[in-house]
Amino acid sequence: MIFTAQGVLGLASGMLVGFSLGLVGGGGSILAVPLMVYVVGVAEPHVAIGTSAIAVAANAAINLSNHARGGTVIWSCALIFAAAGMAGAFGGSILGKMVDGQKLLALFALVMIVIALLMLKTRSRIGLPDVKVSMSNMPAIVGLGLATGTISGFFGIGGGFLIVPALMLATGMPIMNAVSSSLVAVTAFGMTTAASYAWSGLVSWALAGLFVAGGIAGGLAGTRSARHLAERRGALNIVFAVVIIAVALYMLARNISPSPA
């Protein structure tokens, strides 16, 4: 059961995450956990992570269907990367549940800062659109998939801003294809993490449903706004990265403050 106010805040938070995803094309899911904890009022950090993982997977799956229709997903690379990463996500989620909730939030805040810095980094590499899986790139695809999956599962994040450069590094594909293909992994990692947390009873299903519903509505609004603000996309990215850093610093202040004597 969730309180009415908590349900409204969950719906609004989901809309905010969806809107940011639609507006700047990524990074929004990183705000799901702090919104769950500090706005919606989910007291247990592990429940916040498990619940947000469902929202991450749902948002990614919806976006993946759009990219798949556009033919920009390189399925052979994406599926192998995701399969390797699912093993990492499962292991990472097990480790994450073993870490104290407050310490996990502090570590999560540090990851948020890294992701914000990645958002600020321009990626103009052209790449090769006809890449295929081969014996030469298979080790890199599997290895980087396993690594990013572990990080994703440990923190309960989609990991798109880690997966995109990892796919580009492993295969040499262009960023457009990497962004599209990354959604396969984000969906798979989110589902794996959510399943692990659900098995341990660390998911609020009612709140997850509200968060996903809000995310769908917010995503539509964000996508429409993005069309009108396309010329300001770089500035929006900077503003959003600054917001993520500010939230991360707040989380650090809340979770690593000295204990009273």
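Q: In which helix of the chain is confidence lowest, and in which is it highest?
A: This is a predicted model, and confidence is lowest in H10, at a mean of 81, and highest in H4, at 95. Over the chain, the mean pLDDT is 84, and 89% of the residues reach 70 or more.

Q: What makes up the pattern of the chain, read along the sequence?
A: The pattern is α-α-α-α-α-α-α-α-α-α. The chain has 10 helices and zero strands.

Q: Why is Ile-94 called partly exposed?
A: Buried means under 20% relative accessible area and exposed means over 50%, with partly exposed in between. Ile-94 has 34% relative accessibility, so it counts as partly exposed. Ile-94 lies in helix H4, residues 75-98.

Q: What makes Ile-94 part of a patch, and which residues form it?
A: Phe-90, Ile-94, Leu-95 and Met-98 form a nonpolar patch on the surface. A patch takes residues with over 30% relative accessible area, and Ile-94 has 34%. Together the four residues have about 420 Å² of accessible area.

Q: How do you know that H2 is mostly covered?
A: Seven of the nine residues of H2 are buried. The buried ones are Ala-32, Val-33, Pro-34, Leu-35, Met-36, Val-37 and Val-40. Being buried, they have under 20% relative accessible area. Just after H2, Gly-41 takes a positive phi of about 95 degrees.

Q: What share of the chain is buried?
A: Buried residues make up 50% of the 261 residues. The chain exposes about 12,000 Å², and carbon and sulfur atoms supply 72% of that area.

Q: Which residues have the most contacts inside the largest nonpolar core?
A: They are Ile-30, Phe-108, Met-112 and Ile-244, in a core of 45 residues. Helices H1, H2, H3, H5, H6, H8, H9 and H10 each supply at least two residues of this core. The largest share, 10 residues, comes from H5.

Q: What is Phe-108 in contact with, leaving aside its neighbours within four places in sequence?
A: Phe-108 is in contact with Ile-30, Val-33, Pro-34, Phe-155, Ile-157 and Met-251. Contact here means heavy atoms within 4.5 Å.

Q: Which residues does the second, separate core include?
A: Val-56, Ile-74, Leu-167 and Ala-178 are among its 26 residues. A core joins buried residues through side-chain atoms within 4.5 Å.

Q: How much of the contacts with a separation of 6 or more comes from residues 24 or more positions apart?
A: Such residues account for 86% of those contacts in the chain.

Notes:
Residues are numbered from 1 along each chain as its sequence is written. This is a predicted model: local features need pLDDT of at least 70, side-chain atom pairs count only at pLDDT 80 or more; totals for chains, interfaces and linings use all residues. Side-chain values use heavy atoms; hydrogens and water are left out. Patches are made of residues with over 30% relative accessible area and no salt bridge: like charges are joined within 9 Å, nonpolar side chains (Val, Leu, Ile, Met, Phe, Trp, Tyr) within 5 Å. Accessible areas come from the Shrake-Rupley method with a 1.4 Å probe; for residues, only the protein chains shown count as cover. A salt bridge is a side-chain nitrogen of Lys or Arg within 4 Å of a carboxyl oxygen of Asp or Glu. Helices (H or I, at least four residues) and strands (E, at least two) are DSSP runs, numbered from the N terminus. Buried means under 20% relative accessible area, exposed over 50%, partly exposed in between (1.4 Å probe, protein chains only). pLDDT is the predictor's confidence in each residue, from 0 to 100.
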